[in-house]
Amino acid sequence: QVQLVESGGGLVQAGGSLRLSCAASGRTISNAVMGWFRQAPGKEREFVAAITRTGGGTEYADSVKGRFTISRDNAKNTVYLQMNSLKPEDTGVYYCAADYTIFVRRTQSAYDYWGQGTQVTVSS
């Protein structure tokens with residue numbers, strides 16, 4: 001069993017930056033694909049980014065490509081999401097998730113463990 005705790009959310013103006021962290025405990029995440037998802041008010045949760053177990057490969061939603069960067073530090077059992085050039089449409093609750101497999105997948109059902117989420121609000 002792994003527990004995931006997100007942090008780093010907050011209120012930021014459009015064009016600003018935030019760095020989200022996802023700290024894992026109870027089990028190593030070094031053998032898990034890690035993903036970030038978000039849910040805007042009134043919308044379904046959607047895929048944002050994912051990273052392979054070693055960090056050598058990443059995938060991004062088209063809406064964040066070039067602005068967001070996912071990374072990981074397996075020694076710290078932590079995953080990060082650097083968000084730059086933020087837009088009001090990036091507002092939502094951001095969740096990290098762990099998938100103990102070798103495949104990078106964008107579907108929520110593939111992920112076994114989820115954090116409680118952290119709120120990101122981007123003002124215009």
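Visitor: Which backbone oxygen lies 2.9 Å from a polar atom of the side chain of Thr91?

Guide: That's the backbone oxygen of Pro88. Keep in mind that this is a predicted model.

Visitor: And which backbone nitrogen lies 2.9 Å from a polar atom of that Thr91 side chain?

Guide: The one from Val122.

Visitor: Where is Thr91, and is it buried or exposed?

Guide: Look in the loop between strand S8 (78-83) and S9. Thr91 is buried, with a relative accessible area of 17%.

Visitor: What is Thr91 in contact with, leaving aside its neighbours within four places in sequence?

Guide: Ala40, Pro41, Gln119, Val120, Thr121 and Val122.

Visitor: OK, new topic. How many disulfides does the structure hold?

Guide: It holds 1 disulfide. Cys22 and Cys96 form it, and their sulfur atoms are 1.9 Å apart.

Visitor: Which parts of the chain does the pair link?

Guide: Distant ones: Cys22 sits in strand S3 (residues 18-25) and Cys96 in strand S9, 74 residues apart.

Visitor: Why is the disulfide right-handed?

Guide: The torsion about the S-S bond of Cys22 and Cys96 is about 45°, so the disulfide counts as right-handed.

Visitor: Are those two cysteines buried or exposed?

Guide: Cys22 is buried, with a relative accessible area of 0%. Cys96 is buried too, with 1%.

Visitor: What does Cys22 touch, not counting residues up to four places away in sequence?

Guide: Quite a list, including Leu4, Val5, Met34, Trp36 and Asn77, as well as Cys96. Glu6 is on the list as well. The C-alpha atoms of Cys22 and Glu6 are 4.3 Å apart, though the two residues are 16 apart in sequence.

Visitor: You mentioned Asn77. What is its phi?

Guide: Near 55°, which is a positive value in a residue other than glycine. Asn77 is in the loop between strand S7 (68-73) and S8, and it is buried, with a relative accessible area of 13%.

Visitor: What about the phi of Ser85?

Guide: Ser85 has a positive phi of about 50°, although it isn't a glycine. You'll find Ser85 in the loop between S8 and S9. At 41% relative accessibility, Ser85 counts as partly exposed.

Visitor: Let's do rings. How many aromatic pairs are there?

Guide: The structure holds 5 aromatic pairs. Take Tyr100 and Tyr113: the ring centres are 6.0 Å apart and the planes are at 85°, so this pair is edge-to-face.

Visitor: Where do Tyr100 and Tyr113 lie?

Guide: Tyr100 is in the loop between strand S9 (92-99) and strand S10 (113-114), while Tyr113 is in S10 itself, so the pair ties together parts that are 13 residues apart in sequence.

Visitor: Is Tyr100 buried or exposed?

Guide: Tyr100 counts as buried, at 18% relative accessibility. Tyr113 is buried at 19%; the cut-off for buried is under 20%.

Visitor: What lies over the face of Tyr100?

Guide: Arg27, at 3.6 Å from the ring centre.

Visitor: Which rings link into a cluster?

Guide: Phe37, Phe47, Tyr111 and Trp114, joined by ring pairs.

Visitor: And what sits over the ring of Trp114?

Guide: The charged end of Arg45, 3.9 Å from the centre of that ring.

Terms used: Residues numbered from 1 in each chain as written. Predicted model: local features only at pLDDT ≥ 70, side-chain atom pairs only at ≥ 80, totals over all residues. Heavy atoms only, no water. Phe/Tyr/Trp six-rings, centres within 6.5 Å; stacked < 30°, edge-to-face > 60°. Helix = DSSP H or I, 4+ residues; strand = E, 2+ residues; numbered from the N terminus. Buried < 20%, exposed > 50% of the residue type's maximum accessible area, 1.4 Å probe, protein only. Lys NZ or Arg CZ within 6 Å of the ring centre and 35° of its normal. Disulfide = S-S within 2.5 Å. Polar contact = N/O pair within 3.5 Å; in protein donor to acceptor, adjacent residues only side chain to side chain. Contact = heavy atoms within 4.5 Å.
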